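Here is a quick briefing for anyone meeting this structure for the first time. Take a look at the model, then read on for a tour by topic.

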Amino acid sequence: MTDTTIRRHTSEREEARERDEGESEALVCPECGGNLASDAEHGETVCEDCGLVVEEDEIDPGPEWRAFDASEKDEKSRVGAPTTNMMHDKGLSTNIGWQDKDAYGNSLSSRQREKMQRLRTWNERFRTRDSKERNLKQALGEIDRMASALGLPENVRETASVIYRRALDEDLLPGRSIEGVATSALYAAARQAGTPRSLDEIAAVSRVDKDEIARTYRYVVRELSLEIQPADPESYVPRFVSDLDLPDEVERRARQLLNTAKEQGVHSGKSPVGLAAAAVYAASLLANEKVTQSEVSEVANISEVTIRNRYHELLEAEEEFTAP
């Protein structure tokens with residue numbers, strides 16, 4: 001090793017030592033050697049022991065806004081939309097608008113329109129590069145369409161998308177239609193979230209029949225080991241009451257009738273939708289609200305015969321429960 005090399009290595013070690021010493025001094029108070037703390041509110045660096053202000057007028061690198069919960073933080077953030085399972089690429093790709101206008105709202109020339117159309121075509125090809133992604137894109141589009149038609153909230157759509165992704169990863173689709181698995185995922189997600197829809201309502205907006213939905217639903221729940229509680233009739237009551245534009249008293253009386261029916265064991269083996277519809281009809285009679293069986297039948301999508309049979313059973317159970 002030459003003298004020049006030795007001197008260079010010695011110089012590098014000395015510079016590193018001086019840099020480390022400088023960094024350690026920056027972390028301690030120059031007066032008392034105490035720990036330094038950063039005060040973001042006042043833009044100062046202060047000694048925790050003696051209170052000496054080491055630095056002031058520091059630049060705050062954070063945002064100029066405040067957020068008090070996660071949803072507000074996502075709304076105010078300007079770094080792009082949060083990722084979501086409701087899109088096949090989780091929302092990380094680029095979207096090219098369909099309007100042939102520039103940033104100022106001016107129409108594009110014919111040459112620019114052709115260029116943008118080619119960009120849209122290639123962007124679509126890059127977003128769905130293989131059959132699995134095309135499958136996922138079609139299924140998630142179906143879930144979003146059906147959820148919109150049924151008035152289901154965003155958390156149900158997100159859960160349904162996760163269930164479908166799991167089914168795709170577990171290779172449950174061979175031999176079954178994309179629409180059938182997507183519909184069963186949405187049906188399961190709605191029940192998990194406590195906002196269930198009846199099988200008839202799901203089948204009305206789906207592209208597959210009721211039997212296939214039920215069969216695929218049982219298969220998906222069994223293979224994915226989903227924990228889904230039996231549908232509670234009370235979970236249907238608020239929606240029926242709202243659709244019929246009835247007062248809160250009817251909802252309260254309907255819940256009371258259903259609770260009594262559970263205690264008497266009347267609900268066992270009965271359709272939860274039918275029980276909920278019958279409870280709403282019976283409660284409206286008790287509250288002197290003018291509602292016909294036909295109107296309740298239309299809202300609940302069940303027959304009037306079912307309502308007549310069930311509401312008599314509910315009233316009898318109520319009378320037995322209150323009898324001395």
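## The chain at a glance

Among contacts in the chain between residues at least 6 apart in sequence, 60% join residues at least 24 apart; contact here means heavy atoms within 4.5 Å. This is a predicted model, where local features need pLDDT of at least 70 and side-chain atom pairs count only at pLDDT 80 or more, while totals for chains, interfaces and linings use all residues. Residues are numbered from 1 along each chain as its sequence is written, and side-chain values use heavy atoms, with hydrogens and water left out.

**Overall make-up**

- The chain's secondary structure comes to 13 helices and three strands. Helices (H or I, at least four residues) and strands (E, at least two) are DSSP runs, numbered from the N terminus.
- Of the 324 residues in the chain, 35% are buried. Buried means under 20% relative accessible area, exposed means over 50%, and partly exposed is in between (1.4 Å probe, protein chains only).

- The three strands make an open sheet in the order 1-2-3, with antiparallel pairing. Two strands pair if DSSP finds at least two bridges between them.
- Strand 1 and strand 3 are the edge strands, each pairing on one side only.
- From one strand to the next, the twist averages 35°.
- Strand 1 (residues 36-39) is joined to strand 2 by four bridges, and Leu-36 stands opposite Cys-47 of strand 2.
- Those two strands form a hairpin with four residues between them, and Gly-43 in the turn has a positive phi of about 65°.
- On to the next pair: two bridges join strand 2 to strand 3 (residues 53-55), running antiparallel. Thr-45 has Glu-55 in strand 3 as its bridge partner.
- The hairpin of strand 2 and strand 3 has five residues between the strands, and here Gly-51 takes a positive phi near 80°.

**The nonpolar cores**

- The largest nonpolar core has 39 residues, and those with the most contacts inside it are Ile-163, Tyr-164, Leu-186 and Leu-226. A nonpolar core is a set of buried Ala, Val, Leu, Ile, Met, Phe, Trp, Tyr and Cys residues joined through side-chain atoms within 4.5 Å.
- The elements giving two or more residues to this core are helix 4 (131-150), helix 5 (154-169), helix 6 (178-192), helix 7 (199-205) and helix 8 (210-224).
- Helix 6 gives the most to this core, with nine residues.
- Apart from this core lies another, of 31 residues, including Leu-246, Val-250, Leu-257 and Val-280.
- Leaving out residues up to four places away in sequence, Tyr-164 touches a whole list of residues, among them Asn-135, Leu-136, Ala-139, Ile-143 and Leu-173.

**How helix 5 meets helix 6**

- Two packed helices are described by the angle between their axes and the distance between the axes.
- For helix 5 and helix 6, the packing angle is about 130° and the axes are 8 Å apart. Axes are lines fitted to C-alpha atoms, for helices over the stretch in contact, and angles run from 0 to 180 degrees between N-to-C directions.
- Helix 5 and helix 6 are therefore oblique to each other. On this scale, angles under 35 degrees count as roughly parallel, over 145 as roughly antiparallel, 65 to 115 as roughly perpendicular and the rest as oblique.
- The contact between them includes Val-156, Thr-159 and Ala-160 of helix 5, and Ile-178, Val-181 and Ala-182 of helix 6.

- Thr-216 lies in helix 8 and counts as buried, at 3% relative accessibility. Not counting residues up to four places away in sequence, Thr-216 touches Arg-176, Gly-180, Val-181 and Ser-184.
- Gly-141 lies in helix 4 and counts as partly exposed, at 39% relative accessibility. Gly-141 and Ser-161 are 20 residues apart in sequence and 9.8 Å apart in space, C-alpha to C-alpha.
- Pro-238 is found in helix 9 (residues 237-243) and is partly exposed, with a relative accessible area of 30%. Leaving aside neighbours within four places in sequence, Pro-238 is in contact with Glu-251 and Arg-255.
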